[in-house]
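Take a look at the sequence and the structure first.

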Amino acid sequence: MKTPTLYAPDSIRGITIKQPWAACILHGDKRVENRPRPWAPGWRLLHAGAETDRAALRDPLVARTVRGMELPTRAVLGIVRITGSHTDPGEACNPWAQPDRFHLDLDDVHPLPLPVPCDGQFGPWRVPLAVYERVLFQLPSHLHVLLPEATS
């Protein structure tokens, strides 16, 4: 009989983002994530998906941000807080914003020292408890109070 998967508190979810976009959030100034629909505010574990957007690497803004970096995939690489989402009826709100998309506003970005291997999913996904605990272990103790139901 298979052991059921235990999950992190329901108030924390994962967000999967392809590389190099994940690196641009964690190590650059990308504070907008483009999605087809809005997301609820809250903390997310930032997960790099299995695929790399190779075309994005030719974008000068992206290339400058990730130059010389390794771009791990299939792993949780940090935590981020979504503070809201919006569309832009006119001019883009940010150089990273794409037209005709919802822009998730990102804040409180904290990269992890080491990637935590994990399979992600589309949409906000439930985080396995073992992954959540490995993320918490890498965070400074002052960040534990930010995450819901985090234990020291």
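Which element gives the most to the lining of the second largest pocket? Strand β5 does, with five residues. Before going further, please keep in mind that this is a predicted model.

By class, nine of the lining residues are nonpolar, two are polar and one is charged.

The largest pocket holds about 700 Å³ of space. Its lining has 26 residues, and T16, I17, K18, R35 and F122 are the ones that lie nearest the centre. Elements that contribute two or more residues here are β1 (13-19), β2 (32-35) and β3 (42-52). Of these, β3 provides the largest share, four residues. The lining divides into eight nonpolar, eight polar and ten charged residues.

**A histidine in β5**

H103 sits in strand β5, which covers residues 102-117. Is H103 buried or exposed? Its relative accessibility is 2%, so H103 counts as buried. Its side chain reaches the backbone oxygen of Q98 at 2.7 Å. Apart from neighbours within four places in sequence, the residues in contact with H103 are V32, E33, N34, G84, S85, H86, D88, C93, A97 and Q98.

**The cysteines**

One of the contacts of H103 is C93, which brings us to the cysteines. How many disulfides does a search of the whole structure find? The search finds zero. For C93, the closest cysteine sulfur belongs to C24 and is 16 Å away, so the two are too far apart for a bond. A disulfide here would need the two sulfur atoms to be within 2.5 Å. C93 itself counts as partly exposed because its relative accessibility is 40%. C118, at 9% relative accessibility, counts as buried.

D29 is located in the loop between α1 and β2. Although D29 and W96 are 67 residues apart along the chain, their C-alpha atoms are separated by 8.9 Å. What joins the side chains of D29 and W96? A polar contact of 3.0 Å does. With neighbours within four places in sequence left aside, D29 is in contact with C24 and W96.

T65 belongs to helix α2, residues 60-66. T65 counts as buried because its relative accessibility is 16%, and the cut-off for buried is under 20%. As for distance along the chain, T65 and W21 are 44 residues apart, with 9.7 Å between their C-alpha atoms.

| From | To | Distance |
|---|---|---|
| H103 side chain | Q98 backbone oxygen | 2.7 Å |
| D29 side chain | W96 side chain | 3.0 Å |

**Backbone details**

A few backbone angles deserve a look while you have the model open. The peptide bond from Q19 to P20 is cis, and its omega is near 5 degrees. P20 is placed in the loop between β1 and α1.

Where is D100 found? D100 is in the loop between β4 (75-86) and β5. Its phi is near 60 degrees, a positive value in a residue other than glycine. At 80% relative accessibility, D100 counts as exposed.

D108 also has a positive phi, of about 50 degrees, although D108 is not a glycine. This residue lies in strand β5. With a relative accessible area of 25%, D108 is partly exposed.

Conventions. Residues numbered from 1 in each chain as written. Predicted model: local features only at pLDDT ≥ 70, side-chain atom pairs only at ≥ 80, totals over all residues. Heavy atoms only, no water. Buried < 20%, exposed > 50% of the residue type's maximum accessible area, 1.4 Å probe, protein only. Polar contact = N/O pair within 3.5 Å; in protein donor to acceptor, adjacent residues only side chain to side chain. Contact = heavy atoms within 4.5 Å. 1 Å grid on protein atoms, 1.4 Å probe; cavity = no way out; pocket = protein on both sides within 12 Å on 5 of 7 lines; lining within 4 Å. Points joined across faces, edges and corners; volume = space filled by probe spheres on them. Nonpolar A, V, L, I, M, F, W, Y, C, P; charged D, E, K, R; others polar.
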